[in-house]
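Hello,

Here is the structure you are taking over. Please open it first, then read the notes below.

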Amino acid sequence: MHIDESFYGSGEPIADTKAPAGPIEERWSERKFAVKLVNPANKRKKTVIIVGTGLAGGSAGATLAELGYKVVQFCYQDSPRRAHSIAAQGGINAAKNYRNDGDSVHRLFYDTVKGGDFRSRESNVHRLAEISRQIIDQCVAQGVPFAREYGGLLDNRSFGGAQVSRTFYARGQTGQQLLLGAYQALMRQVDAGNVELHPRHEMLDLIMEDGRARGVVVRNLVTGEVRSHTADAVVLATGGYGNVYFLSTNAMGSNVTAAWRAHRRGALFANPCYTQIHPTCIPVSGDHQSKLTLMSESLRNDGRVWVPVKAGDDRRPADIPEDERDYYLERIYPAFGNLVPRDIASRAAKNVCDEGRGVGPGGLGVYLDFAGAIERLGRDAVAAKYGNLFEMYERITGENPYEQPMRIYPAVHYTMGGLWVDYDLESTVPGLFVIGEANFSDHGANRLGASALMQGLADGYFVLPQTIGDYLARNPVGAVPAETVTAAEAEVQERIERLLSIDGDRTVDSFHRELGAIMWEYCGMERTEEGLRKALELIPALREEFWRRVRVPGSGDDLNQSLEKAGRVADFFELAELMCVDALHRTESCGGHFRAESQDEDGEAARDDANFSYVGAWEWTGPGERPILHKEDLAFEYVTPSQRSYK
Amino acid sequence: MKLTLRVWRQKGPEDKGRMVTYEVDDLSPDMSFLEMLDVLNERLALKGEEPIAFDHDCREGICGMCSLVINGTPHGPERATTTCQLHLRKFKDGEVVDIEPWRARPFPVIKDLVVDRSAFDKIIEAGGYISAPTGSAPDAHAVPVPKPDADRAFEAAECIGCGACVAACPNGSAMLFTAAKVTHLGLLPQGQPERDSRVVDMVATHDDLGFGGCTNTGECTVACPKGIPLDTIARLNHDYLKAGGKR
């Protein structure tokens with residue numbers, strides 16, 4: 001083990017102080033009983049700010065308002081219904097055991113801890129598995145049109161290599177349907193006057209008073225007006241930071257700014273290097289590429305992944321005979337074949353492309369072939385299962401996947417890291433709660449398929465509304481002094497003016513693309529000490545150039561999409577450095593973080609439990625300054641860490 | 001390839017607005033339509049001109065944020081496709097392409113191609129939900145739903161709320177949008193208790209917001225990127241009459 005402390009300092013360890021001890025299946029009940037309650041008459045005197053309206057934010061806003069709190073909610077989109085949860089395709093896990101196939105809360109808990117490569121907190125994950133069942137009930141009651149069987153009961157499928165069928169789905173649009181359910185519940189509360197909604201607003205800073213989170217500074221994206229809102233507590237539900245790579249499956253507007261501003265105000269950022277690279281995305285078609293599109297993982301149930309045996313073989317796929325094809329996943333992982341977990345499938349694709357055996361433009365792609373499935377099941381059966389995905393593929397690539405194999409390549413998809421939270425989902429800043437993908441809590445180093453929707457809704461519908469009450473009951477606060485608010489607003493205004501006044505000769509996007517390329521190369525699917533050190537030289541230099549040469553046209557007084565992007569990219573620079581420091585310090589391989597120096601004799605990820613069985617939570621010390629590492633030790637009482645094997 | 005774009009530019013809600021011509025060369029047929037606008041915007045920004053404002057987010061055809069009228073057709077020439085999923089291979093080299101915002105009284109232009117669609121949120125607010133406060137739900141299997149009903153409800157629930165139906169309608173009606181939600185929730189057993197009040201309140205709000213009446217021209221369903229069927233409107237009318245909405 002070699003850790004280079006010139007990149008960071010070491011701080012005090014931290015602990016999750018809110019999770020009760022005792023048997024794991026009783027902890028959540030105990031915590032719920034221990035929370036101090038807010039008197040119903042007092043609830044309407046308590047204001048909670050929520051930033052973000054995806055599955056986590058939307059469900060939290062609706063639920064807190066139903067409980068009687070006054071909610072003030074923001075999103076950057078023109079409507080809460082457009083948050084990027086809407087794009088989730090596959091499904092949502094729940095331990096209902098409706099299939100009688102041996103599923104249980106304990107099994108979902110076990111699978112999630114193991115799938116996370118033993119880098120998540122047992123108490124949190126168990127609670128998630130318990131709540132999973134209630135989520136389905138809640139969504140059905142709201143009218144979410146899940147897939148059903150002819151008897152009228154809910155259908156399930158197995159997903160992402162799980163050995164039980166516990167995934168509930170609504171064709172390939174599960175995220176959309178769940179989000180619309182939460183959105184409609186939220187709009188009902190808007191109508192009732194319990195939620196004050198501000199679409200097309202972006203949070204640009206966190207207001208602190210007396211060591212507590214007390215509000216936010218937001219910019220009205222239409223009028224340019226910068227103003228603040230204060231409250232008794234603040235909730236961030238602002239999603240992940242995958243767009244630090246420029247190309248990802250995230251929406252164009254997805255960004256880290258809200259979380260990063262909170263980090264700069266004292267909230268620790270945990271495990272930033274844990275990113276999920278999804279194996280089945282449509283490859284890049286040229287330099288103009290603005291984002292990547294995911295093709296559902298379910299395609300791997302019937303499609304076979306292959307590349308030519310010979311490097312540089314540029315024959316058409318149909319002209320390559322069977323014995324000159326390498327079905328490499330089936331060859332290397334005979335037990336799981338094409339269904340190995342996401343991190344393994346992604347890395348294997350990278351490896352064959354690095355060997356020069358990739359297909360398509362630039363050699364960055366592998367085939368996903370349905371010829372066998374079409375022969376075995378018939379074209380109609382394949383169309384019934386995957387028709388909409390095949391159409392989407394054809395629309396984007398102009399190629400017909402019934403006639404020739406799809407080309408796929410891995411892309412950044414989800415970030416497991418995020419702001420550190422305790423069992424109550426409260427960050428290290430009192431009064432600042434973080435839910436959904438924006439926090440780090442439940443997926444460890446790797447998230448299982450169909451678990452993101454589960455976590456977002458668990459946090460928003462069921463966890464936060466209980467735990468935030470405890471905070472509000474115990475921490476009555478007074479008004480925030482006017483000078484605190486004015487100072488925060490002035491700081492935001494100053495930064496906007498600084499961005500507008502540089503008037504350089506490079507566009508925001510050109511910087512974002514360059515940063516993304518550095519991150520993909522050195523902090524992507526495979527990381528090395530040498531590469532990360534290189535990245536840590538390149539990023540600060542590029543950041544410095546950004547603040548010298550960026551050109552942001554227009555003014556700050558109206559809708560200015562270049563200005564919005566510039567602020568977000570500026571924060572991505574600082575996050576990128578922290579991700580690389582985190583990746584450098586974690587010399588083990590685990591989950592989505594593969595360090596080339598840490599692999600076993602077969603080239604598989606080698607975890608180092610003796611030295612790295614902890615959450616790495618980072619403290620901000622200033623731009624370009626060494627961050628401070630705080631460790632939260634992970635204890636495994638119920639699931640014994642083992643090496644994952646899919647051979 | 002090369003295209004001649006004629007783009008609606010409008011500084012703000014008070015500005016009159018006008019079409020501005022841009023010659024854009026060095027394009028690839030594999031680019032998406034919005035990537036073409038990205039390329040143009042990069043070039044404008046480097047020249048110190050303000051880029052063209054347009055709404056977009058997921059670029060996967062599901063968030064409903066993108067909203068361009070391309071050569072007179074909402075979301076452009078390809079059926080069942082949002083603007084963000086439209087690619088330049090659907091256009092001819094050298095073609096002249098007109099790009100305009102959604103045009104309807106309840107969707108005022110904010111800037112260039114960006115319009116305010118918050119009227120849609122208000123229609124949902126008026127009743128486009130099932131009242132089921134968190135924690136109150138029975139087991140998900142307590143009420144079976146016949147598969148054909150569930151499938152039809154899903155089909156209506158696919159609406160992405162983009163507003164193409166309104167942009168396409170000669171009356172500026174949002175009836176397809178409203179009917180999609182009324183149909184989705186009205187087909188499910190959970191949606192029955194509020195079925196009457198839902199349709200009456202949503203239609204009243206729709207009218208108050210200044211959307212036009214439906215005269216069954218069917219332009220909406222042709223423009224709809226999700227193919228929401230026209231018979232959802234018939235269903236809405238049925239529910240509306242049954243609820244005694246014609247007071």
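**A sheet in chain A**

Start with two antiparallel strands of chain A: E12(A) and strand E16 (residues 406-415), joined by five bridges. One facing pair to look up is Ile277(A), which stands opposite Val412(A) in E16(A). Keep in mind that this is a predicted model.

These strands belong to an open sheet of five strands in chain A. The order is E12-E16-E15-E13-E14, and the pairing is antiparallel. Which strands form the edges? They are strand E12 (275-281) and strand E14 (325-326) of chain A, each of which pairs on one side only.

**The largest nonpolar core**

The largest nonpolar core holds 276 residues. Four of them touch the most other members: Val235(A), Leu236(A), Leu419(A) and Cys165(B). Which helix gives the most to this core? Helix H16 (residues 561-585) of chain A does, with 14 residues.

Chain B takes part through two domains. Domain 1 (3-110) and domain 2 (118-133 + 143-242) of chain B both give residues to this core, so the core lies between them.

**Where the chains meet**

Now colour by chain. In the contact between the chains, 67 residues of chain B meet 62 residues of chain A. On the chain B side, several elements each supply at least two residues. They are helix H1 (33-46), strand E6 (109-111), helix H2 (118-125), helix H3 (147-157) and helix H5 (175-186). H1(B) gives the most, with seven residues.

What is the make-up of the side of chain B that touches chain A? Its residues divide into 32 nonpolar, 17 polar and 18 charged.

**Chain B as a whole**

Chain B has 247 residues, and 53% of them count as buried. It contains eight helices and seven strands. Its C-alpha trace spans about 60 × 35 × 35 Å along the principal axes. Take the contacts in chain B with a separation of 6 or more: residues 24 or more positions apart account for 71% of them.

Over to you.

Best wishes

Technical notes: Residues numbered from 1 in each chain as written. Chains lettered and ligands numbered in written order. Predicted model: local features only at pLDDT ≥ 70, side-chain atom pairs only at ≥ 80, totals over all residues. Pairing = 2+ DSSP bridges. Helix = DSSP H or I, 4+ residues; strand = E, 2+ residues; numbered from the N terminus. Core = buried A, V, L, I, M, F, W, Y, C linked by C-beta atoms within 7 Å. Buried ≥ 20, exposed ≤ 12 C-beta atoms within 10 Å, placed from the backbone. Domains from an automatic or database assignment. Contact = placed C-beta atoms within 7 Å. Nonpolar A, V, L, I, M, F, W, Y, C, P; charged D, E, K, R; others polar.
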